[in-house]
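Here's a walk through one protein model, taken a piece at a time. Keep the structure open and follow along as the residues come up.

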Amino acid sequence: MMYSSRRKPVLYFKDDRSFLSRKCTVWKLFGLCMLFVSGSLLWVQLSCSGDMSQTGYGHLPHQPCPVERQSSSADDPSWGPHKMALIVPFRERFEELLIFVPYIHTFLNKKKIRHKILIINQLDHFRFNRASLINIGFMESGNDTDYVAMHDVDLLPQNEDLDYGFPKEGPFHVASPELHPLYHYKTYVGGILLLTKKHYQLCNGMSNRFWGWGREDDEFFRRLKAADLTLFRPAGITTGTKTFRHIHDPAWRKRDQKRIAAQKQEQFKVDPEGGLTNVRYKVESRQEVTISGAPCTVINTFLECDVSLTPWCQSS
């Protein structure tokens with residue numbers, strides 16, 4: 001539940017000089033203490049409340065209000081037979097996570113989409129590997145879900161007409177090129193992509209060869225074609241590039257776009273064997289977390305890298 005913004009109340013005190021001049025008593029001290037505590041609590045409430053959708057670009061809240069609660073469950077069986085595993089590949093972007101989890105939880109609840117949010121947190125010292133983390137999210141998603149959403153932590157849907165339902169006919173690219181605020185080429189399938197678990201297995205997941213930022217979703221587009229899957233995208237959405245809000249600040253958080261050794265040549269090749277069948281990782285811990293009333297599971301993970309095959313997994 002989001003709190004509406006309100007004016008800060010003003011406390012008016014009666015000018016009673018006789019009160020101040022009289023001898024101080026225990027009851028007067030108690031009353032003043034209670035007034036101070038009440039005012040402090042009210043100030044905390046007002047300072048942390050507000051609509052997250054109004055947060056400016058680059059102005060991220062330090063923490064959510066601990067008293068916020070969501071109005072409904074993420075797993076109400078009356079909403080339908082399907083349940084989504086929303087997989088978020090993650091490393092050190094906690095400010096964005098504090099915005100994303102309660103926002104997407106509320107968004108999906110309004111649409112009555114059964115879901116659980118999985119934050120796949122990369123703990124090792126290798127370069128960030130988005131594709132491998134998504135593969136791990138699929139492997140760790142459990143038997144209670146039947147489709148997945150590959151979802152970036154910095155992309156917030158703004159149009160409630162966007163479809164997050166079960167993609168029975170084929171992969172559904174929610175953040176399509178004509179709607180995404182940054183990427184507009186026809187073969188783009190990043191940002192937010194929904195697939196049934198059957199279809200994801202048919203592609204053998206994503207290639208684990210992509211360390212650093214970029215290109216893993218372009219390789220996955222080729223996998224979709226090789227598996228003879230039809231890609232679907234939103235229709236009838238008129239909000240254009242304002243359909244999503246991108247909360248990543250590139251000036252503050254630089255992307256790892258380095259190309260090391262043969263990486264530049266290899267990133268344009270199709271990986272015919274790698275994917276779910278050869279992802280190597282260790283789950284260090286699994287934590288159930290609530291952010292502003294929104295539940296999510298943080299899976300702390302160490303990836304493994306064969307430096308003889310992908311030496312660019314290391315930062316230097």
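This is a predicted model: local features need pLDDT of at least 70, side-chain atom pairs count only at pLDDT 80 or more; totals for chains, interfaces and linings use all residues.

Which residue does a disulfide join to Cys-305? The partner is Cys-313, with 2.0 Å from S to S; a disulfide here is a pair of cysteine sulfur atoms within 2.5 Å. The structure holds 1 disulfide. The torsion about the S-S bond of Cys-305 and Cys-313 is about -90°, so this disulfide is left-handed. Cys-313 is buried, at a relative accessible area of 0%. Buried means under 20% relative accessible area, exposed means over 50%, and partly exposed is in between (1.4 Å probe, protein chains only).

Residues are numbered from 1 along each chain as its sequence is written, and side-chain values use heavy atoms, with hydrogens and water left out.

Now zoom out. The protein chain has 7 helices and 9 strands, which are DSSP runs numbered from the N terminus (helices are H or I, at least four residues; strands are E, at least two). Of its 316 residues, 47% count as buried. Take the contacts (heavy atoms within 4.5 Å) between residues at least 6 apart in sequence: 79% of them join residues at least 24 apart.

Next, head inside. A nonpolar core is a set of buried Ala, Val, Leu, Ile, Met, Phe, Trp, Tyr and Cys residues joined through side-chain atoms within 4.5 Å. The largest one has 36 residues, and Met-84, Leu-86, Val-101, Ile-119 and Tyr-164 touch the most other members. Elements that each supply at least two residues of this core include β1 (84–90), α3 (94–110), β2 (115–122) and β9 (294–303). The largest share, 9 residues, comes from α3. Pick out Val-101: leaving aside residues up to four places away in sequence, Val-101 touches Ile-117, Ile-119, Ile-291, Ala-294 and Cys-296. Apart from that core lies another, of 30 residues, among them Leu-118, Met-150, Val-189 and Leu-195.

On to the rings. Rings of Phe, Tyr and Trp (its six-membered ring) pair if their centres lie within 6.5 Å; planes under 30 degrees apart count as stacked, over 60 as edge-to-face and the rest as tilted. A search of the whole structure turns up 8 aromatic pairs. In one of them, Tyr-183 and Tyr-188 are tilted, at 5.3 Å centre to centre and 45° between the planes. Tyr-183 is partly exposed at 23% relative accessibility, whereas Tyr-188 is buried at 3%. Elsewhere, ring pairs link Phe-138, Tyr-200 and Phe-220 into a cluster. Lys-197 lies over the face of Phe-138, at 5.7 Å from the ring centre; that counts when NZ of Lys or CZ of Arg is within 6 Å of the centre and within 35 degrees of the ring normal.

Finally, why is helix α6 (residues 216–226) largely enclosed by the rest of the structure? Because 8 of its 11 residues are buried. Among them are Glu-216, Asp-217, Phe-220, Phe-221 and Arg-223. The buried residues of α6 pack against α4 (130–139), β3, β6 and α5 (197–202). After α6 comes Asp-228, whose phi is positive, near 60°.
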